Amino acid sequence: MSAVGTAARPIEAGGAAGFVRRHWPWLAALAFAVVVPWFSYDWSTGRHSGFIVSMLSQIGISIVFALSYNMLMGQAGLLSFGHAVFLGLGGYVTAHVLNATKGGGVPLPLELTPLAGALGGLGFALVLGYFATQQRATAFAMITLGIGELITSCALMFQTFFGGEGGVSTNRMTGHSLLGMGYGAPIQVYYLIVAWTALSVVGMLLLTRTPLGRMANACRDNHERAQFVGYDPRMVRFFQFALSGLFAGIAGSLYTLTYEIVTYDTVAGAMSANALLMTYIGGVGVFAGPVVGAVLIVLLQSWVSLLSNSWLVYAGVLFILMVTFAPMGLTGLVLMHQPIWRAGRMGRLLGPYLRLLIPALAVTVGFVLAVELCSFLTIGAAQGKSFTLSRITVDPRSAPPWLIAGALMVGGGLWLRFAMRRFGATWGAVSEEIKRAEVRA
Amino acid sequence: MSTPALRLTDVRKSFGSTAVIMGVSLDVAAGSRHAIIGPNGAGKTTLFNLISGRFPMTGGSIALHGRPIDGLPPHEINRRGLSRSFQVTSIFPRMTVFENIRCGLLWSRGYKYSFWHLMGGQRTLNDQAARLLADVNLETRRDVPAGLLSYAEQRALEIGITIAGGADTILLDEPTAGMSRSEANHAVALIRRITAGKTLVMVEHDMSVVFDLADVVTVLVYGQVIASGPPAEIRANRAVQDAYLGAPAEAA
């Protein structure tokens, strides 16, 4: 109790030491982001692993995108189905600015091009947000869905701005740089992304602590009450929407700088769904939640898609499980343990957790096996691949692997239900003990 | 006589074909404590909803300090110095108690929709919020999410949010509803203290609270005012006794 209380106070242990103590997870993440490409550095060729750098760049872009989505979802209680519009439009604006720079039009240093994306995202969010934020709740969600569809179809119709199906190609080596860098190598762009991601994270974090940020929370909690303390919830939604579009535009700029091409799928529904997925899985209730979600989803996307055709199935199932069992996301799950951790009773849960782990693993293995069998029966067969597990070739047309998958899922599922009930009982008992101990104290 | 804080002229409200408020005219003198009583369904809360702009009126007009406020949205009315609480507790449940109070203060302190002020650095604002927190006796619950407070604490917080913006006209809708006797006594003392020098209009069912706090009592029955005057006069009024008070008045 007192730990949280003091952390929330405006006046805290000052100086650099206090700053480090309060923000160490962010600083550690930043240090990790700076150092991690060097683990994949090949000294003989003098190059970084393209795969790792590309994945890390994507993580940075996704962090900004997911956090900007949570400005609506978690902080203002607004469910948007069209957030990719502002990422995509920020990306298109950036591509045009880069092309203009290359053509000698605007001598904008490459380091500052995300500002163009930010302005693009902000501008379009001001216009489209004016309509969307007239409403809240379901009506708002429907309008954003409409806006998403509208801009996606525009992207295919208006060739001069969107470039049709081929999109707009560009070249980030404009020759204009504040630091005198060429930005031909992906690693240089990656560090630019790290810098802009850090800036955006700080910006969005600070925004939560402003009057607008707090009133966004207030309107989320009780929009009617907000009116009776003098605020027009519509204006709160409008400003919050516009600023969230600004940060999505920055994410779009970073996207363009990384891939040097923007196509219509950057504004499309699947991209918007991605933001929702990352934010929800990471957790909408904690500022850092979408960061966790972005990292996890990009890792899934990059690594699992190498191993399996079915990565989307796994992401979808993970999403359904999270919505059903942990609506506050991964960070919410972690925070649930806070009182037990502080009471020093985590040990009590260790055994029950291990007992959950075994049936959970069985169900997971059974499910993955079933999905992969399906996949090899259909797509795999078409691609001429064969299903091998540590050099044993599995024949998806024979019965035994299917029986094993079924047995693991059914047996593991029944066991898991039993273990979950036992776990729930232990959890309840521990929470009860802590509550009683608090009352005594 | 000076301009009344609140003047209602022939206020009417119908939901569909059902008339709920049927021509209410009422003056609330600045600085007075005015109670509105009446049986269930008399339209007391509806009247509050009309005054505060939550519902549009069907007819009539309402003036705050002589300026008409009918047709204005709730936030505009609030900015002109009228603030209200709700019968069913209405707070910001996921925000801390301190944040709840601070949100009540923001507009009146001129922050508007600012996204360039950091709340932590606004010393005057934070001091004022802390003082209000002390006023409603919730200092020890400062960092607790408001949704986790006890019922009586939430009622106190609701009053805190209502008065935070410094409105000079306060509408309290059944501030002691659902409270135990000692909690209600506590709430009455609180209301008396924090509305000193302001205009208070309250809907209340608890007659001991009404006769304890109010300077003027208005009796509303079926959407019409049947009597209005000092508590002693209302208590003695035959029509009021017939229509409403009866046994509870003697019990009180």
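Colleague: Hi! Which residue is the bridge partner of B:Ser83 in E7(B)?
Modeller: In this predicted model, B:Ser83 has B:Ile170 of E7(B) as its bridge partner.

Colleague: Nice. In which sense do E6(B) and E7(B) pair, and over how many bridges?
Modeller: They pair in the parallel sense, over 3 bridges. E7(B) covers residues 169–173.

Colleague: And what is the strand order in that sheet of chain B?
Modeller: The order is E6-E7-E8-E3-E9-E10. The sheet is open, has 6 strands and shows mixed pairing.

Colleague: Which strands stand at the edges?
Modeller: Those are E6 (82–84) and E10 (224–229) of chain B; each has a single partner strand, so one side of each lacks a neighbour in the sheet. From one strand to the next, the twist averages 15°.

Colleague: What about helix H1 of chain B, which strands does it touch?
Modeller: H1 (residues 44–51) of chain B packs on the sheet and touches E3 (33–37), E6, E7, E8 (199–203) and E9 (216–221) of chain B. The direction of this helix makes about 145° with that of E7(B).

Colleague: Last one, what domains does the assignment give for chain A?
Modeller: Domain 1 (48–311) and domain 2 (338–440). Their C-alpha centres lie 35 Å apart.

Methods
Residues numbered from 1 in each chain as written. Chains lettered and ligands numbered in written order. Predicted model: local features only at pLDDT ≥ 70, side-chain atom pairs only at ≥ 80, totals over all residues. Domains from an automatic or database assignment. Pairing = 2+ DSSP bridges. Helix = DSSP H or I, 4+ residues; strand = E, 2+ residues; numbered from the N terminus. Axes fitted to C-alpha atoms, helices over the stretch in contact; angles between N-to-C directions. Contact = placed C-beta atoms within 7 Å.
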